[in-house]
Amino acid sequence: MNILQGILWLVTSMGVGTVIRVEHLKKYFPITHGFIRKKIIWLKAVDDVSFEIKDGETFGLVGESGSGKSTTGRTILRLYEPTGGKVYFNDIEVTALSKQELKELRPKMQIIYQDPYSSLNPRLTIFDIIAEPLREYGHENVEDTVLELLEAVGLSEEHAKKYPDEISGGQCQRVAIARALALNPEFLVLDEPTSALDVSVQAQVLNLLGRLQKERNLTYLFISHDLGVVRYLADRVGVMYLGKLVEIGTIEQVFDNPAHPYTRMLLSSIPVPDPKARAIRKEKVIGEIPSPLHPPSGCRFHTRCPYAREICRKEEPAMIELEKGHFVRCHFVGELQ
Ligand code: SF4
């Protein structure tokens, strides 16, 4: 047992409740221009984002395209190196690990991407795709483990001999899930895992993810622009706008009592069967999300907010706790009915 494994064992055996803690995370991309690639501007894709995910919980991250959801997920895993801030996995500071330590931790933190076809190597059989991480980490009984994983995701031995282009999109996503589970992870980033699939297949994959979470005590960061799907799968949710979290709460707090005008705007675009909820969600969708290269001053939402006043253009609002666990970033939180 190496040092990192020792710490992991100690922390896990202590029954710590928080699996992921994100503190003031930032990811800025330099935008370069011209022959000598002179940096001209920073794209602040993730800008001071903080939240926690508890053991066995699903935390949904929602927002329009360009809000920074996927970049947040990838930066937590250090697939992108953060510009600032800290990420903890079971109290291990992921952002402080060396490359070798990160490789040792990698089996515990995995990602499933949106497009199953492009995330799987087309030249490998399904068996080899799932076996690859097992071999890389020196796992024994590779064949038995691959067959167990195929069964766990609803596929059979027959699928093992095929190539990705010989199976359906839904089956490809099951293979991607089996591969992600191969090294017994505790935490999975699910980056729009069903949005490239047919509607009929989406529900099957969501049910599979829900079942696997219970069976294997997995903790999920579920990234999606589809609020209906997030409501179905998540326990708590964070709403992102132009690189900032603007509202965090339980599914009930955010969906039944949305406090930020942007959250209300997002919710107004999905069909709501509950008449009480329909009465709450009255904001119309106004305009387009501005370019993250030139985010508005003050509150980044002020160019689209029907309640914007002078202070909103000048000062960035702080995150305020409206009720226990329900946080909102707005100068006039509680005053907006
Ligand atoms: Fe709207 Fe101002 Fe609140 Fe931003 S701070 S959401 S602009 S009212």
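How does the lining of the largest cavity divide into nonpolar, polar and charged residues? The tour reaches that lining at its second stop.

The model is predicted: local features need pLDDT of at least 70, side-chain atom pairs count only at pLDDT 80 or more, and totals for chains, interfaces and linings use all residues. Residues are numbered from 1 along each chain as its sequence is written, and side-chain values use heavy atoms, without hydrogens or water.

**Ligand shell.** Around the ligand are His260, Pro261, Cys299, His302, Cys305, Tyr307, Ala308, Cys312, Pro317, Cys330, His331 and Phe332. By class, this shell has 9 nonpolar, 3 polar and no charged residues; Ala, Val, Leu, Ile, Met, Phe, Trp, Tyr, Cys and Pro count as nonpolar, Asp, Glu, Lys and Arg as charged, and the others, Gly among them, as polar.

**Largest cavity.** Hide the ligand: the space it takes is the largest cavity. A cavity is a set of points, on a 1 Å grid over the protein atoms alone, where a 1.4 Å probe fits but cannot get out; lining residues have an atom within 4 Å of a point. The largest cavity has a volume of about 90 Å³, a volume being the space filled by probe spheres set on the points. Of its 15 lining residues, Pro261, Cys299, Cys305, Cys312 and Cys330 lie nearest the centre. The lining has 11 nonpolar, 3 polar and 1 charged residues.

**Second largest cavity.** Select Tyr241, Lys244, Val246, His260, Gly298, Cys299, Arg300, Phe301, Glu316, Pro317 and Arg329, which line the second largest cavity. This cavity holds about 70 Å³ of space, and its lining divides into 5 nonpolar, 2 polar and 4 charged residues.

Notes
Near = heavy atom within 4 Å. 1 Å grid on protein atoms, 1.4 Å probe; cavity = no way out; pocket = protein on both sides within 12 Å on 5 of 7 lines; lining within 4 Å. Sits in = over half its atoms within 2 Å of the grid points.
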